[in-house]
Amino acid sequence: MSATTTEKETARPAVRQASGLSLALAQGGIEFKQFVRTRESLVFTLLFPVMLMLIFGSIFGSVVITPPGEIPAVTLSQYFVTGMIASGIMATGFQNLAITIPIERDRGVLKRYRGTPMPKWVFFAGKILCVAALAFVSVVMLLAVAVAFYDLQLPDTGQKWFTFAWVSVLGLIACTLCGIAFSGVAKTGRAGPAVVTPIALILQFTSGVFFEYNDLPHWMQQFAALFPLKWMCQGLRSVFLPESFAAQEVAGSYELGRVALVLAAWCVGGLVLCLVGFRWTTKREG
Amino acid sequence: MPGVTHEELAISVSGLRKSYADNVAVAGVDLAVPPGEVFALLGPNGAGKTTTVEILEGFRARDAGTVSVLGVDPARADRDWRRRVGIVLQGTGEFDELKVHEVVRHFARFYPNPADPDEVIERVGLSEKANSRTHTLSGGQKRRLDVALGIVNQPEVLFLDEPTTGFDPAARREFWELIRQLSHTGTTILLTTHYLDEAEALADRVGVIARGTMIAVSTPAELGGRHLATATVSWREGGGQRTEETDRPTEVVQRLAASFGGEVPELTVTRPTLEDVYLKMIGENGQEPA
């Protein structure tokens, strides 16, 4: 380093401003710490789907849902497991954020961030990184339980792993953006669970999580097809259930092209809703 | 501010107005704070203090008037401006499961030249709690964490909205010392408070807001003509308390000393406190003191 540069640096104090990317990683890290230290979130977001899987799995046992004699046979538990993985992704993205962000808004955390030069996108990137890590943990736990207890076969081709990856990632992005956008609906932290939980439950009942989708009334199928969860479940069935089971789907196939299209549309729509609906301060604070 | 131009002021406000629905919160506030001054904004709850301060912090939009903080309109606050401004909001921030040092360190990251986070924690008196989760802090300790977040960027202008709520008397004194240090290094400070002793101890000037307007601006010593007010001399004589209102208390005391031939029993000489003057002003303005 030449003497001239040193002189310049002394004249103008070196500005050690962290880059946006490193801020986003730090933001994700602090969000993750906050989450794993909060027992309620851990239980409701990560353990609840596992508990549901165990309970429903035990109830359904090995009811076979493929036509008699067809090989390979598919049990209701296996069908249900794919739905629970999709629900786990929705829980970490949608329910988690739509419930915790209003609480943080109530507690003045968002307003304090707003008063700093942190770029707005860093806050959202932090949430998304945190949610991605949690969703990964959630999916691994659910897969482990499903493989151990319900004869779920892990994907045996690269193609299926690839489908698994893009369905999960697109679904997670859509759910996360909707969760952030929906955080504007609950006016107070206390109202969060009351407005979010029914929506999650209705989607689970109508999207083929608790019941076979093709057994549902037509209007219910049409309703669920408007939202991401149905398509996430369907995409995951294509990964974990046999090719031949596609014949049982409403359309007679897993419709992967349409799955990608609907989930991508929800990502875009979710982003727009985020930009419109997100609030840093409570109504009372103006 | 004779001799100080608009551009040189750290904070400059004129004709500021803000209404919520049909409730007028700020009805024409003017304010001029030169760099390095500590200015205290006094007034009852609902007088418009927080609305005014939050407009200056860039959190609220105004209906009318011009506002400039460090030469920038806070309504168009950019990241550069945020780097130079420190904010301690009213009410306490709750960071739950995060530890004190984690929160301060994290906020320091947002700034180009932050103070050393450990030093900031030390300065607000939280060193012993640096490793504690924030939900275990007392109300006063949480408030100190807020102050730490407000000063971690070494701001040029610092807004403090009722900063010492929940402090015990010793903590309040420590906080005053911290504010004096910041003021010595040239930080401009706008403070709102309900504690008149705090305003008197810290502020170069005080402004009293009532019903959305600034009804007086002065030094604490001269507010409401306090320095011109008559003194009250009080003493004990013949088994009873005697008092005398006077413009010349020294003469009265000399006369008493001569007549008692030495010590005057229970002698006090008092002038109206800042609180007396303030309460009188607020009362005359038809607002309940809060």
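Reply:
**The open sheet of chain B**

In chain B, six strands form an open sheet in the order 5-6-7-3-8-9, with mixed pairing; strands here are DSSP runs of E with at least two residues, helices are runs of H or I with at least four, both numbered from the N terminus, and two strands pair if DSSP finds at least two bridges between them. The edges are taken by strand 5 (85–88) and strand 9 (213–218) of chain B, each of which has a single partner strand, so one side of each is left without a neighbour in the sheet. From one strand to the next, the twist averages 15 degrees, where axes are lines fitted to C-alpha atoms, for helices over the stretch in contact, and angles run from 0 to 180 degrees between N-to-C directions.

This is a predicted model, in which local features need pLDDT of at least 70 and side-chain atom pairs count only at pLDDT 80 or more, while totals for chains, interfaces and linings use all residues. Residues are numbered from 1 along each chain as its sequence is written, and chains are lettered from A and ligands numbered from 1 in the order in which they are written.

Helix 6 (residues 169–184) of chain B lies across strand 3 (38–42), strand 6 and strand 7 (188–192) of chain B, and runs at about 150 degrees to strand 7 of chain B; residues are in contact if their C-beta atoms, placed from the backbone, lie within 7 Å. Helix 9 (residues 274–284) of chain B also packs on the sheet, where it touches strand 3, strand 8 (205–210) and strand 9 of chain B, its direction making about 30 degrees with that of strand 8 of chain B.

Definitions and conventions:
Contact = placed C-beta atoms within 7 Å.
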